[in-house]
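Subject: A structure for you to explore

Hello,

Here is the structure I promised to pass on to you. Please open it next to this email and look around before you read further.

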Amino acid sequence: MRKLAEHNIPLREASITQVHSVLRDGNPLIVHTSMFANALASLANPKQQQQWVPLAEKNRIIGTYAQTEIGHGTFVRGLETTAIFDPETKEFVLHSPTITSTKWWPGGLGKTANAAIVMAQLYTQGKCYGPHPFFVQLRDFDTHHSLPGVILGEIGPRLGINSQDNGYLRFDHYRIPRTNMLMRHSQVLEDGSYVKPIHNKLSYGTMVWTRVAIVHSCSKKLACAVTIATRYSAVRHQSELVPGKPEPQILEYQTQQYKLLPHIASVFAILFSASSVLRMQRNVAASISKGNVELLPELHILSCAMKALSSQDSTQGIETCRLACGGHGYIASSGLPSLYTSTTCTITYEGENTVLLLQVARYLIKSYRAGLEGLPVLPSVMYLTAPSAMHQSPPLSNQALIEAFRISSANLVKETESRLCRQFNLEQNFHYAWNRCSVALVHCAELHSRYYMCEKFLSTVESIRASDRVRSVLQDLCRLYLIHHITLNQGHFLRSGTLSGVDLSTLEEEMYELLAKLRPQAVPLVDAFDFRDELLGSTLGAWDGRVYERLYEEAQKSPLNKTDVSKAYHKYLQPLMKSNL
Ligand SMILES: CCCCCCCC(=O)SCCNC(=O)CCNC(=O)[C@H](O)C(C)(C)COP(=O)(O)OP(=O)(O)OC[C@H]1O[C@@H](n2cnc3c(N)ncnc32)[C@H](O)[C@@H]1OP(=O)(O)O
Ligand SMILES: Cc1cc2nc3c(=O)[nH]c(=O)nc-3n(C[C@H](O)[C@H](O)[C@H](O)COP(=O)(O)OP(=O)(O)OC[C@H]3O[C@@H](n4cnc5c(N)ncnc54)[C@H](O)[C@@H]3O)c2cc1C
């Protein structure tokens, strides 16, 4: 926090700086500097911002985002915490009526935060208007004691990010002023009448913002992992490639190159997609402030798609990097275990991935149907019903591969929509039919999202003007990425007829050549991510390659090495050894 102040970094931007990466196992302030700060900036009206933002900037208020309940995370409309307006006192009464309505998971809630943005079902004049955000003080600002009517605690150890205090929260008829409802988009007036927002999902804005931020952070985490594993693979020598010859660097093995290079490529694919979504988010934020919400649905879908794909890719990539380091990848000092545990949670939080992909699928099916009827659809999905341009590009060129993605994705959506119609005719209920098709629907969303990511990778690389040599390396990397994902999804391309079996063999052959061609670039590419050793925090991935010395030095720090004979010997082991059991 002192560093942020020194460098004049506003609270809202803190979460995208390096600060949080230094604190590897999570930290109790992350939700304060990200979601809480963003909720105030985007959901509070100017008067409320004047009241709370300066206090949050000075860390007098430390906040969290309390939405998820022990009984409901995904289904936001099903939240049970109530905020009932009392016109007599001009207050909202917050209450947790059931065990399942207990807020559960918010970061920093357990012991750190003294305030929260609480999502609760808004009731006024006897009517429920759905989940709305409220600013709620939870602890005394001086003593830090929880306030009467507020029950708070920590939820216990987790798979990772255990330096963070994820918490639980219950309300017992806890009263807050009317003006604590975040009123930028919707309001409850003094007489209890409700003023609705210009789009009924604007109160979900903090989630959209965080999903976009997660895409960027996933590329960073994966970049750390590939840096560690690639540098280590250049230092580590093992086995014989040619019998009788010296042990080669493990990076010489094609299988090792196959483990690492596609994930190095993935860092760029995620990064370039993140930039594109971020640009769109800024445009949408500017439009919303002028009262235009036309592009909000597109941003919602794109942020769902990219959050799902980037969290899945980076988690798998980090695990592959860990395995690529053999036994040393399992040791905590490699940095890889904590990278994994602090990344795999992104698959679940801020919208569980399957659920987000189903949001994307819903949009694809709706847009496909609209396109068939000649109704206007947004640019990113026009291709679903637009004629194919496959024949215009040279066979197997990058453009042709992108076209193959586009056509395969459109084909899958078309096929799944027909299945949905057939199922609907059988079930006579759209929702049951939807559920019966949901595996295929998730595949549609994944292929569409992959197409978007490939397209962003290629168009960004093609636009590089600063250096021909850099562009050339990135073009190879991008080509590897396209072919790699085509080989992983062969079935879709064969089914749509966009690529033949022969095409796929040709591409596979090219992929193996690309691995060899890119091998000398592997270390320079990860060096170019420019992580300081302190930030990587890895015995295997440091700049100087002193892997074995660092592993040995780190072992010396183990508390068990402070004495030659441990206390446990005298207490348990010696008696056991003498007991003749
Ligand atoms: C670095 C920071 C650390 C972060 C730590 C992690 C913090 C957290 O995890 S906080 C909690 C996060 N929780 C979540 O993300 C919950 C996930 N669930 C949801 O977002 C919603 O329940 C969701 C989107 C799945 C469904 O919402 P629901 O209100 O039921 O809408 P639904 O009926 O499915 O859709 C209705 C329409 O709204 C649209 N819609 C839904 N959400 C949005 C949105 N945010 N913006 C615009 N439109 C939206 C849909 O596309 C749909 O449009 P259409 O009718 O045209 O097809
Ligand atoms: C580390 C961490 C930090 C978190 N921080 C916060 C925080 O700061 N604030 C906060 O409010 N919350 C936080 N959360 C909660 C998080 O947002 C939820 O866990 C997440 O949204 C998933 O919801 P859930 O746990 O209810 O899962 P569920 O929705 O119960 O998911 C369980 C399974 O059901 C499936 N499923 C659910 N609905 C559907 C559907 N409609 N169709 C098909 N399948 C479905 C899912 O795919 C999944 O396989 C955090 C969670 C974690 C793990």
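This is a predicted model: local features need pLDDT of at least 70, side-chain atom pairs count only at pLDDT 80 or more; totals for chains, interfaces and linings use all residues.

Residues are numbered from 1 along each chain as its sequence is written, and chains are lettered from A and ligands numbered from 1 in the order in which they are written.

**Domains.** The protein is assigned domain 1 (2-186), domain 2 (199-351) and domain 3 (403-428 + 436-518); such bounds come from an automatic or database domain assignment. Between the C-alpha centres of domain 1 and domain 3 there are 40 Å.

**Ligand 1.** Its shell has 29 residues, with V76, Y204, H300, Y349 and G351 the closest. (A residue is near a molecule if its C-beta atom, placed from the backbone, lies within 6 Å of it.) Because domain 1 and domain 2 both give residues to this shell, ligand 1 lies between them. By class, the shell holds 14 nonpolar, 10 polar and five charged residues. (Ala, Val, Leu, Ile, Met, Phe, Trp, Tyr, Cys and Pro count as nonpolar, Asp, Glu, Lys and Arg as charged, and the others, Gly among them, as polar.)

**Ligand 2.** Here 23 residues form the surroundings, and Q67, T68, G73, T74 and T354 are the closest. At least two residues of the shell come from each of β1 (63-66), α9 (336-348) and α10 (353-372). (Helices, H or I of at least four residues, and strands, E of at least two, are DSSP runs numbered from the N terminus.)

**Two helices.** The axes of α6 (residues 205-235) and α7 (residues 254-289) come within 8 Å and cross at roughly 155°. (Axes are lines fitted to C-alpha atoms, for helices over the stretch in contact, and angles run from 0 to 180 degrees between N-to-C directions.) The two helices are therefore roughly antiparallel, a label for angles over 145 degrees. Their contact has 15 nonpolar, nine polar and no charged residues.

**A sheet.** Three strands in the order β4-β8-β7 make an open, antiparallel sheet; strands pair if DSSP finds at least two bridges between them. β4 (103-104) and β7 (150-154) each have a single partner strand, so one side of each has no neighbour in the sheet. Two bridges join β4 to β8 (residues 167-171), and K103 has L169 as its bridge partner in β8.

Enjoy exploring!

Technical notes: Angles under 35 degrees count as roughly parallel, over 145 as roughly antiparallel, 65 to 115 as roughly perpendicular and the rest as oblique.
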